[in-house]
Number of protein chains: 2
Amino acid sequence: MPVRHGATRDTILDAAEQLFSERGFEGISTRDIVKAAGVNLGAINYHFGTKERLGVEVYVRCLARVNRNRIARLDALEAAGGGRELSLAQVVEAFVRPAMADEKEPVSSGSNLMRLACRCFQEPNPELRKFIEEQFTEVALRFHSVILKVVPDLPAGELFWRMNFLIGALNRGQEIWLRFDRMPRPQGIDPVKPDFEGLIQRLVLFATAGLSAKCPIVG
Amino acid sequence: MPVRHGATRDTILDAAEQLFSERGFEGISTRDIVKAAGVNLGAINYHFGTKERLGVEVYVRCLARVNRNRIARLDALEAAGGGRELSLAQVVEAFVRPAMADEKEPVSSGSNLMRLACRCFQEPNPELRKFIEEQFTEVALRFHSVILKVVPDLPAGELFWRMNFLIGALNRGQEIWLRFDRMPRPQGIDPVKPDFEGLIQRLVLFATAGLSAKCPIVG
DNA sequence: GCGGTATGCATACGTTTGTTTGAAACGAAC
DNA sequence: GTTCGTTTCAAACAAACGTATGCATACCGC
């Protein structure tokens with residue numbers, strides 16, 4: 001029945017990705033996964049050992065892709081700029097866009113990439129968090145140093161927190177965008193759902209302003 | 001044994017609040033809760049019916065307090081201002097501060113209030129989400145209209161998204177602040193953990209800039 | 001005092017959980 | 001065509017899960 005080597009393994013990863021992104025790691029059972037994947041119950045333990053190791057692999061696979069993409073975009077920007085200084089908006093976009101879509105997973109409201117990139121920050125399981133956080137060290141360092149160059153009068157100590165504010169805004173933006181149609185929207189406000197590019201544009205605008213806010217002179 | 005009416009019920013609520021805030025709703029069992037609360041296993045079902053209804057009550061109790069506080073702060077600001085226009089920073093602070101501490105729960109790294117106010121946005125359980133989101137309708141409307149007054153050239157359609165960016169930044173800021181000491185911090189960046197007021201100040205600065213960013217002229 | 005409602009407790013119920021087992025089916029090598 | 005390592009399968013495992021039951025105890029108006 002299996003067509004190629006490792007097919008079952010990948011099927012499980014894909015099914016688990018989808019389910020975890022919707023209900024979280026603790027909210028999904030191994031039986032949910034094998035049923036969705038159409039494979040045997042024993043397959044998870046055979047291929048991954050434990051449910052937790054499967055969880056780690058799902059999240060790491062997704063985040064590695066996103067973060068590789070972020071760095072690639074930054075590299076491309078710097079190469080294209082040829083020594084000229086980048087704009088902060090360009091840098092922020094290079095950070096934001098890969099969390100939303102890439103060549104393998106084009107934009108859609110059913111996008112696993114975006115959904116999982118959100119959920120990875122929301123998993124309370126400490127073991128999972130450990131591996132998830134590891135995926136961000138390289139990207140954090142790269143963007144940190146680039147942004148410091150682009151926003152010269154920003155104290156280094158401030159950037160750490162502002163980067164996290166950006167990450168939070170990104171997550172929340174994604175979450176609301178994905179759930180928009182199924183969400184009880186407060187009447188009297190009547191928000192509109194922008195298309196995908198509109199969301200990025202709004203995020204970039206917000207975060208760019210936030211990142212480059214002048215620090216009040218202390219003392 | 002019980003000293004006053006409803007003591008067991010409240011003990012359960014407090015214990016569940018603490019545990020849910022750390023591991024999420026799905027990550028905690030009824031047995032975890034009764035053990036932490038020091039009450040009988042049957043007590044949860046007796047007082048709340050189901051685990052899910054206990055979950056709803058825990059989150060609603062916390063959010064009702066936070067959001068009541070937000071509105072009270074806004075009322076106080078408007079009363080004190082006596083018709084003068086508020087500053088955006090004041091409004092943002094009125095939104096941010098109640099999610100971090102109040103008279104019942106002063107600031108500390110063990111603060112349940114802050115931890116739970118974060119987790120409430122991260123629960124994947126749809127039933128829980130429904131009740132959680134309900135808690136925000138009033139506060140959303142109030143702050144929406146106030147901010148529109150304070151940032152006059154902000155298109156109403158934009159504010160919905162920027163408010164959510166603010167919420168995201170707030171959540172992420174809280175989360176990182178709470179976990180700061182137990183977190184693997186990227187070397188080469190060496191961030192410092194501000195005190196509580198410093199966190200609020202940074203959040204207000206970031207969000208104020210983001211909220212009042214000028215929209216690029218389209219067309 | 002007494003009756004009745006509200007609460008506490010120990011225990012058990014039926015499911016679902018993650019994981020393990022041992023045998024069957026497979027593909028490639030020889 | 002037999003062998004061997006790998007993968008799939010149905011079935012079973014013990015443990016943990018949320019919940020229900022039956023009975024003891026407390027409280028309160030009377």
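Predicted model: local features only at pLDDT ≥ 70, side-chain atom pairs only at ≥ 80, totals over all residues.

Student: Okay, what makes Glu175(A) and Arg129(B) a salt bridge?

Tutor: Their side chains meet at 3.2 Å, N to O. The cut-off is 4 Å, so the pair counts. The count between chain B and chain A is six salt bridges, and over all chains the structure holds 32.

Student: How do you know that the pair of Glu175(B) and Arg129(A) joins two chains?

Tutor: The side chains of Glu175(B) and Arg129(A) meet in a salt bridge at 3.2 Å, N to O. Glu175(B) sits in helix H9 of chain B and Arg129(A) in helix H7 (residues 126–134) of chain A, so two chains are joined. Both Glu175(B) and Arg129(A) are buried. They also belong to a network of salt bridges that links Arg129(A), Glu133(A), Glu175(B) and Arg179(B).

Student: What about Arg142(A) and Asp75(A): what parts does that pair tie together?

Tutor: Those side chains meet in a salt bridge at 2.9 Å, N to O. Arg142(A) is in helix H8 (residues 137–150) of chain A and Asp75(A) in helix H4 (residues 51–81) of chain A, so the pair ties together parts that are 67 residues apart in sequence.

Student: And why is Asp75(A) called partly exposed?

Tutor: Its relative accessible area is 36%. Buried means under 20% and exposed means over 50%, so a value in between is partly exposed. Arg142(A), with 22%, is partly exposed too.

Student: Is Arg119(B) buried or exposed, and how do you know?

Tutor: Arg119(B) has a relative accessible area of 5%. Arg119(B) is placed in helix H6 (residues 112–119) of chain B. Not counting residues up to four places away in sequence, Arg119(B) touches Gln122(A), Pro124(A), Phe20(B), Ser21(B), Gly24(B) and Tyr59(B).

Student: Then what is Ala156(B) called?

Tutor: Partly exposed, because its relative accessible area is 39%. Ala156(B) lies in helix H9 of chain B. Leaving aside neighbours within four places in sequence, Ala156(B) is in contact with His144(B) and Leu148(B).

Student: Back to the two chains. How many residues does each one give to the contact?

Tutor: Chain B gives 55 residues and chain A gives 55 residues. The area buried between them is about 4,700 Å², with 68% of it from carbon and sulfur atoms. Trp161(B), Phe165(B) and Phe206(B) supply 18% of the area that chain B buries against chain A, more than any other three residues.

Student: Last one: why are the two copies said to be related as by a two-fold rotation axis?

Tutor: Chain B can be laid on chain A with an RMSD of 0.0 Å by a turn of 180° and a shift of 0.0 Å along the axis. The two copies are thus related as by a two-fold rotation axis. The same surface serves both copies, as 100% of the contact residues of chain B recur in chain A.

Notes:
Residues numbered from 1 in each chain as written. Chains lettered and ligands numbered in written order. Heavy atoms only, no water. Contact = heavy atoms within 4.5 Å. Buried area = accessible area lost by both parts, 1.4 Å probe. Least-squares fit on C-alpha atoms with pLDDT ≥ 70 in both. Helix = DSSP H or I, 4+ residues; strand = E, 2+ residues; numbered from the N terminus. Buried < 20%, exposed > 50% of the residue type's maximum accessible area, 1.4 Å probe, protein only.
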